[in-house]
Amino acid sequence: MTDDRNGPRNAPANDTRAPVAVLGLGLMGRALAGAFLREGHPTTVWNRTPGRAPELADAGARPAASPEEAVAAAALVVVCVSDHTAVRDLLDRIDAAGPGLLTGRVLVNLTSGTAARARENAARVAAAGGGYLDGAILAVPPAIGTPEAVVLYSGAHADFEHHAPALRALAPDVTAHLGEDHGLAALHDSAVLGLMWSVLNGFLHGAALLGAAGVDASAFAPLAARSTETVAGWLAGYAAQIDAGAYPADDATLETHLAAMDHLAEESAALGVSTELPDLVRTLAGRAVAAGRGGASYAALVEQFRRSAPSTGEGVGE
Ligand code: NAP
């Protein structure tokens with residue numbers, strides 16, 4: 001984790017900011033280019049559909065007529081397009097421009113994707129003589145360049161270190177390198193998205209349940225937020241149990257949780273609310289209890305997520 005919030009105004013007079021190229025000027029690409037410009041980086045931009053970001057030109061960005069021209073303008077090339085197919089299209093165009101274009105440059109791909117695709121891109125860019133960092137943006141466009149932004153990177157440590165001073169323009173407080181495996185950033189991104197959807201689904205199910213009894217979601221929100229914070233406080237302790245493979249129930253046993261899950265399903269059915277979410281958690285917890293984990297802590301459920309096929313009959317060993 002790094003922290004460098006010195007803007008150009010605070011930089012020494014002889015400071016020269018590294019030139020950057022940004023390919024892809026959708027909502028996120030525009031925010032990225034804007035953050036580089038605010039930090040004083042000479043920024044060359046390209047977008048498939050021209051003229052989509054006049055405000056960037058007003059802020060000093062140099063528009064390139066092609067991706068090849070943009071790549072040629074900087075040693076740090078940031079790509080942020082819709083999806084992996086769009087990244088592949090771009091790499092095809094860069095390849096078609098001839099050998100050597102990527103030599104000595106680092107392509108930082110901030111397009112969302114999977115770990116396997118990140119490794120595929122890395123191999124392709126390496127074959128073309130370039131370095132590759134895969135990145136995951138855990139922020140919305142307005143947060144880019146503010147302390148709220150989190151951007152995670154994976155790939156060669158030397159490439160990250162070399163370009164970290166410029167990359168900090170995007171996430172001044174949390175610009176983190178996760179490791180040399182190019183897939184790590186995408187993997188963390190997926191894990192965090194899964195967490196986010198689980199929290200939101202729990203809130204939405206609760207809002208539906210209370211709504212059926214005439215309670216507004218706004219009345220539920222403060223209690224939901226407080227409960228989410230309480231649960232967040234349990235994570236470090238459960239993580240230690242998962243890493244140790246031992247699940248002493250210092251707080252509540254899985255059997256106790258399962259009984260409460262039954263209540264949630266029963267309440268939902270009684271109020272005509274979907275029971276799909278409670279049924280899912282009941283299925284997982286029921287399987288863990290059947291496998292002998294009834295006396296273990298909630299963290300023992302991780303064993304049910306680790307396998308793609310349901311299984312029962314494990315030993316107790318809490
Ligand atoms: P967006 O506003 O829809 O922009 C998509 C961009 O991709 C446009 O610049 C589009 O160009 C370009 N593009 C699509 N297909 C292309 C192709 N075949 N070749 C070249 N360029 C192509 O999307 P966004 O919100 O900026 O998101 C971009 C990436 O950031 C996504 O992977 C997204 O998951 C990730 N992300 C976004 C957010 C967010 O809150 N927005 C947060 C985290 C991560 P045209 O203008 O020509 O269509």
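A crossover is right-handed if the path from the first strand over the helix to the second runs clockwise when the strands point away from the viewer. The model shown is predicted, with local features needing pLDDT of at least 70 and side-chain atom pairs counted only at pLDDT 80 or more, while totals for chains, interfaces and linings use all residues. Residues are numbered from 1 along each chain as its sequence is written, and side-chain values use heavy atoms, with hydrogens and water left out.

View 1. β7, helix α6 (residues 157-167) and β8 form a right-handed β-α-β unit. Helices (H or I, at least four residues) and strands (E, at least two) are DSSP runs, numbered from the N terminus. Two strands pair if DSSP finds at least two bridges between them. β7 pairs with strand β8 (residues 174-177) in the parallel sense over 4 bridges, and Val151 stands opposite Thr175 in β8. Strand β6 (residues 131-137) pairs with β7 in the antiparallel sense over 5 bridges; here Asp134 is opposite Ser154 in β7. Strand β7 (residues 150-155) is largely enclosed by the rest of the structure, because 5 of its 6 residues are buried. Buried means under 20% relative accessible area, exposed over 50%, and partly exposed in between (1.4 Å probe, protein chains only).

**View 2. Salt bridge between Arg124 and Asp92.** The side chains of Arg124 and Asp92 meet in a salt bridge (2.7 Å, N to O). Arg124 lies in helix α5 (residues 115-127) and Asp92 in helix α4 (residues 84-96), so the pair ties together parts that are 32 residues apart in sequence. A salt bridge is a side-chain nitrogen of Lys or Arg within 4 Å of a carboxyl oxygen of Asp or Glu. Arg124 is partly exposed at 25% relative accessibility, and Asp92 is partly exposed at 39%.

**View 3. Salt bridge between Asp279 and Arg282.** These two side chains, Asp279 and Arg282, meet at 2.9 Å, N to O. Both residues are in helix α11 (residues 276-293), 3 residues apart, so about one helical turn separates them. Asp279 has a relative accessible area of 27%, and Arg282 is at 30%.

**View 4. Salt bridge between Arg30 and Glu55.** The side chains of Arg30 and Glu55 meet in a salt bridge (3.6 Å, N to O). Arg30 belongs to helix α1 (residues 27-38) and Glu55 to helix α2 (residues 54-58), 25 residues apart. Glu55 is partly exposed, at 40% relative accessibility.
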